[in-house]
Amino acid sequence: MSMHGVNNEDNTELSKAESKAVRERSLKLLFELVRPIRARLAVSFSMILVSRLLGVVGPGLIAVAIDSAIPMALKGDMQLAWLTAGAYLVAAIGSASLMAYFLVYAQRTNQGVLFEIRDRLFRHTQRLSLEFHEKYTSGRVISRQTNDIDAIKELLDVGGNEMIAGILMMIFTAVALATIDLTSFLILTCSFVPLFFLTYWFQKQTKYWYRKSRVASAKLIVHFVETMTGIRAVKAFRKEKRNQDSYNVLVEDYRSINAKVISIFGIYDPGLVVIGNFAVAAVLLFGGIRVIEGDLGIGVLTAAILYGKRFFDPMEQLAQFYNAYQSANSSLEKISGVLEEDLSVPDPEHPVELGEPKGHLAFEDVEFHYSNGKTILPNFNLDIPAGQTIALVGTTGAGKSTLAKLVSRFYDPSVGQVKLDDISLRDISNHDLRRAIVMVTQEAYLFSGTVGENIALGKPGATIEEIVESAKAVGVHEFIESLPDGYNTDVNKRGGRVSAGQRQLISFARAFIADPAVLILDEATASLDIPSERLVQHGLQTLLKGRTAIIIAHRLSTISIADRVLVMEHGKIIEDDKPATLIAGTGKFAKMHKAWRDSLV
Ligand SMILES: Nc1ncnc2c1ncn2[C@@H]1O[C@H](COP(=O)(O)OP(=O)(O)OP(=O)(O)O)[C@@H](O)[C@H]1O
Ligand SMILES: [Mg+2]
């Protein structure tokens, strides 16, 4: 399925073909999950089958005991009494221990399946392109990993096991009852009529309300995640009260829906008990009459009553199973939807060997639009020789970051090619690409771990000397030394907290240690003060030697180290020359530069 493929996320009505596609991909996933464990499932099923068979002989043995063994024992023949008592004991112990072993065994299988889903989901979601993540909010991603996996867990935990056990138990009980006393069995079947209607009603209701409950809880998660990821904006705009209010509405919704679900159980459960008791009373009444008339042994009647009572036990679980199945199914559909999302910037199947990259970049007849369709780069051509340092400037929204993201292949162009050393980026393996092209943005994200580890991310296996060297190169060494544990300071611990500018410097060191052929800096010095920026630029000059660089900055100080300036407007390069030539001219850049210089004094 493509990016614009089927997603029944919002419960919108799907066409027949679409529902079929959703069902098929969901089944395919289920099949893939079940295939490796089919032997274990067969073992599970056999265990439960034997356990239920052993469980069902109990009342039958009681019938034999009352009707035959006790009368014989009273006459002094104990043999049958011992036999039935022994058989009863063996069956009970056997059934119980098989059940116990089965539960552990099945749990292990289930956990394996859940592990597999979690693992696949994480791996795939992480590999999906930025385009996907911009469209699919983090709240929804989290919902897949939490709510949906829980629904499947529920089905596996309770649903699966109990359902098989329950169905087997009902069948065996019915067969046993029919065998020992057909009349009682027929009386019992009369109760199926009210049972059917009650269960039908129950299922319809719970299906409806469970669905509402799942939607409500997903909304809760999305709201929560949005508030917490945007917590700075929430505080800056004092939106706590408003958020709290809307959250409370959602919580109340969720609560009232759950209350409704409980009230449905409040009708169904007692309903089952009443029907069950009526059925057993009827068996007892008619059985009693037959006992008095001498047509029926009292032992058989006892067994019939025991069977009758047992017959209704699994009913509720069965009715519930259907719901667990429904919600797990819809979760599986959603998860399979994410798993089927194509990687929109896929790794090439037959990558072209990049070798030692030189850093020659070219845009050839590129056209680009984001998924919303608006063209950002119309017919774009650009050639950047290896080793050149480019300053890319232009108004806000001109498309500078878009260009940078195309070079780092966060996206592929809609039309045309971006090439590195005359090889289309589409044909370069991800591994080679990440080695050759590094982008540093304003975001400068630090992962949990130490400062040193964060720098070493740029070059797995880097020595401490290399780490220190790169930190020195960007002028962040003294700062890191001043942290409580130096390079071993944990960035998430107290004392390890660093400012936005310090984060940028650390991410610079990370880029430098990577030693890429192409380096892109998108507003990467925006959070630095003038002295730190100078320091970085000083370092840049030496470090950019022999490297292709694209530097995007609003502060025009960068142009002092650039070989060439590109001015971008509405997705087009409108000026392209040496900095000095442009400054001396009368174009857009000359104006920008003058305005910038005036602002400095
Ligand atoms: N993920 C996206 N989806 C859709 N449109 C986008 C996306 N990112 C950017 N755009 C649009 O693309 C255009 C260019 O954005 P871009 O971020 O490349 O501008 P920029 O030149 O880097 O601006 P700035 O100087 O503000 O960083 C803008 O009109 C923007 O609205
Ligand atoms: Mg930008």
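**Exercise 1.** Into which domains is the protein divided?

*Solution.* Keep in mind that this is a predicted model. Domain 1 covers residues 20–340, and domain 2 covers 361–600.

**Exercise 2.** Work out how helix α2 and helix α10 are arranged.

*Solution.* Start by finding the helices: α2 spans residues 38–74 and α10 spans residues 298–312. Next, get the geometry: their axes are 7 Å apart and the packing angle is about 160 degrees. Angles over 145 degrees count as roughly antiparallel, and therefore α2 and α10 are roughly antiparallel to each other. As for handedness, the crossing of α2 past α10 is right-handed.

Then look at who touches whom. From α2 come P59, G60, I62, A63, V64, A65, I66 and D67, and they meet I298, G299, V300, T302, A303, L306 and Y307 of α10. Sorted by class, that contact holds eleven nonpolar residues, three polar ones and one charged one.

**Exercise 3.** Helix α10 has another partner, α9. Describe how α9 and α10 pack.

*Solution.* Helix α9 runs over residues 240–292; its axis comes within 9 Å of the α10 axis, and the two cross at roughly 170 degrees. That makes α9 roughly antiparallel to α10. On the α9 side, the contact uses L272, G276, A279, V280, V283, L284, G287 and V291; α10 supplies I298, L301, A304, I305, G308, K309 and F312. The class count here is eleven nonpolar, three polar and one charged.

**Exercise 4.** Which helix gives the most to the shell around ligand 1?

*Solution.* First list the residues surrounding ligand 1: E134, Y370, N372, I376, G394, T396, G397, A398, G399, K400, S401 and T402. Now check the helices: α12, residues 400–407, gives the most, with three residues. Finally, sort the shell by class: three residues are nonpolar, seven are polar and two are charged.

Terms used: Residues are numbered from 1 along each chain as its sequence is written. Chains are lettered from A and ligands numbered from 1 in the order in which they are written. This is a predicted model: local features need pLDDT of at least 70, side-chain atom pairs count only at pLDDT 80 or more; totals for chains, interfaces and linings use all residues. Axes are lines fitted to C-alpha atoms, for helices over the stretch in contact, and angles run from 0 to 180 degrees between N-to-C directions. Helices (H or I, at least four residues) and strands (E, at least two) are DSSP runs, numbered from the N terminus. Angles under 35 degrees count as roughly parallel, over 145 as roughly antiparallel, 65 to 115 as roughly perpendicular and the rest as oblique. A crossing is left-handed if the near helix is turned anticlockwise from the far one by less than a right angle, and right-handed if clockwise. Two residues are in contact if their C-beta atoms, placed from the backbone, lie within 7 Å. Ala, Val, Leu, Ile, Met, Phe, Trp, Tyr, Cys and Pro count as nonpolar, Asp, Glu, Lys and Arg as charged, and the others, Gly among them, as polar. A residue is near a molecule or strand if its C-beta atom, placed from the backbone, lies within 6 Å of it. Domain bounds come from an automatic or database domain assignment.
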